[in-house]
Amino acid sequence: MDKLFKLSQNNTTVKTEILAGLTTFMTMAYIIALNPNLLTGFGANGGQSLWNAVFVATCIASAIGTFVMAFLANKPFVMAPGMGLNSFFALVVANIASITGLSYVASFRAALCIIFVEGIVFLVLSVLNIREKIVDAIPLGIRLGIGPAIGLMLMNIGFGSNDSIYSDKGGPFFVMRDFFGALTPKVARDNMGSVGYKTMVLAVVTMFVGLFVIVVLAHYKIKAAVLFGMLVASIINWAGQALFLDTNPFASLKGASFVPPVKDMAKLTLVKFDFADFAKIGWFTMITLIITFCIIDMFDTIGTLVGTASRAGMVDKEGKMPQMKQALVADAVGTLTGSLTGTSTVTTFVESASGVEAGGRTGLTALTSGFMFLACLFIAPIAAIIPAAATSSALIYVGILMVSGLKNIDFDDIYQTVPVALMLIAMPISGSIGHAIGIGLITYTVMKICTGKIKDVSILTCVLSLIFIAKFFLVA
């Protein structure tokens, strides 16, 4: 194991890597149920069979992509269907159904063609080192600012609304707005309703207790601090549900099936994409959709890899990560696998930062998470009982640590300060790593050109800036 993953060379151990892999998995386990929920409208579109198919595809594609990352790149990064991209994919499926009159399942298969082509494009670009050159074209200041911006996004996700937490008035709550932003508890209670307010209070207590446990354990150099903090937070949340909300936190386990619904995937989505149906939306729309998915996924992946690697000390003085090519190839393989099995774009998950913070430094961390995805084919009901608020504890903690990377920014250099500042606000609000990087690139390029320093900007950086301008203002 030491020879395979170079554990000694990376100053880590098998125990640390496995705990880091479990930590990463626990912070992103929500994707197993949330992804099929989003892609099928919580089972309303395509029925339970399509939900089952996407569920199995999510587990298998995430595992395969992560295994390739583990063995080819030897990096602790874990892959899964990307948030944001899956919501966009669901919207595309609905639009295809509306335009063509096809059923949702047929439209779903047609939309998978986008993911397949995207995966092929990325694989070719990665093998030819073009994606790596794109990474190098991002100015150093922006590269250094990606990590802190991701940190703010993680904190926003941690404190943000969650699809599994709803008020009794019919909507998700946002902790910083609905709890801390309310003038008085009565205002919060009136806005959220009685049950919603109690649920929100329990979530706040859960996430902060979990956060403080993580901080204290980390102070004492306990490697599994994040994992233990999440476990403590989960126990508090389960107890709170039973005592204060009068609900059984384990009710979903009763009568739950532990048999993977592989037959549904084989019948509905396994290598079932349909180019003939996809062509019915018109060539211009087809090309536009493929380009849009490619741009968003490319820079989301680049941002996650660079930002997380920077936090882990895996980059050199120029902000470059060794074996970036292999990591990008693994990402492309994950996307291809997703299209073949039946899910939206599989990409490097930003929650990988939690495993890195737990000490993960090699592919053994990724391998552990990959096995957990496969295990979830059989134990999905157990993974589903992990409270969202417990996951928030880890995301907030890791986000805080990543924000500390701002110390590497030269704030006396206006060409670093302005792009990074805009990225810091754009990433958590837009929820898109790629869009935030695009804003940073455009700002940097325009500033350099307008101040007579165009020679400092590479041709590729200018091209990337123009592509993002087209993406933001010209592409419908």
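Which residues is F77 in contact with, leaving aside its neighbours within four places in sequence? F77 is in contact with T66, M69, L305, T308, A309, M314, M321, T348, S352, V356 and A366, where contact means heavy atoms within 4.5 Å.

This is a predicted model, in which local features need pLDDT of at least 70 and side-chain atom pairs count only at pLDDT 80 or more, while totals for chains, interfaces and linings use all residues. Residues are numbered from 1 along each chain as its sequence is written, and side-chain values use heavy atoms, with hydrogens and water left out.

F77 is found in the loop between α4 and β1 (79-81). Helices (H or I, at least four residues) and strands (E, at least two) are DSSP runs, numbered from the N terminus. With a relative accessible area of 0%, F77 is buried; the term buried stands for under 20% relative accessible area, exposed for over 50%, and partly exposed for values in between (1.4 Å probe, protein chains only). F77 and I138 are 61 residues apart along the chain, and their C-alpha atoms are separated by 21 Å.

The largest nonpolar core has 135 residues. Such a core is a set of buried Ala, Val, Leu, Ile, Met, Phe, Trp, Tyr and Cys residues joined through side-chain atoms within 4.5 Å. The residues with the most contacts inside this core are F89, F108, F278, F299 and F373. Helix α4 (residues 47-73) supplies the largest share of the core, 15 residues. In soluble globular proteins, nonpolar side chains tend to be buried together. Residues up to four places away in sequence not counted, F373 touches F25, M28, I31, I32, C59, S62, A63, V78, M79 and A80.

**Salt bridges**

A search of the whole structure finds 4 salt bridges, a salt bridge being a side-chain nitrogen of Lys or Arg within 4 Å of a carboxyl oxygen of Asp or Glu. Side chains of opposite charge can pair when their charged atoms come close. The table gives examples.

| D331 | R131 | 3.4 Å |

In the salt bridge of D331 with R131, D331 lies in helix α16 (residues 324-341) and R131 in helix α7 (residues 130-137), so the pair ties together parts that are 200 residues apart in sequence. D331 is buried at a relative accessible area of 0%, and R131 also counts as buried, at 0%.

D277 is buried, with a relative accessible area of 12%, whereas K280 is exposed, with 51%. D456 is partly exposed, at 45% relative accessible area, whereas K448 counts as buried at 8%.

**Polar contacts of side chains**

A polar contact is a pair of N or O atoms within 3.5 Å; within protein, one must be able to donate a hydrogen and the other to accept it, and residues adjacent in sequence count only if both atoms are side-chain atoms. N37, found in helix α3 (residues 30-40), is buried with a relative accessible area of 16%. The side chains of N37 and W51 are joined by a polar contact of 2.8 Å.

T461 lies in helix α22 (residues 459-473) and counts as buried at 2% relative accessibility. Its side chain makes a polar contact with the side chain of S458 (2.7 Å). Not counting residues up to four places away in sequence, T461 touches A137, P139, L441 and T445.

**Surface patch and backbone angles**

On the surface, M1, L4, V14, I18 and F71 form a nonpolar patch with about 470 Å² of accessible area together. Patches are made of residues with over 30% relative accessible area and no salt bridge; like charges are joined within 9 Å, and nonpolar side chains (Val, Leu, Ile, Met, Phe, Trp, Tyr) within 5 Å. Accessible areas come from the Shrake-Rupley method with a 1.4 Å probe, and for residues only the protein chains shown count as cover. V14 is found in helix α2 (residues 14-28) and is partly exposed, with a relative accessible area of 36%.

Most residues other than glycine have a negative phi. N11 has a positive phi, near 55 degrees. N11 is placed in the loop between α1 (2-5) and α2 and is exposed, with a relative accessible area of 73%. V271 has a positive phi near 50 degrees. The place of V271 is in the loop between α13 (262-268) and α14 (275-278), and V271 is exposed at a relative accessible area of 51%.
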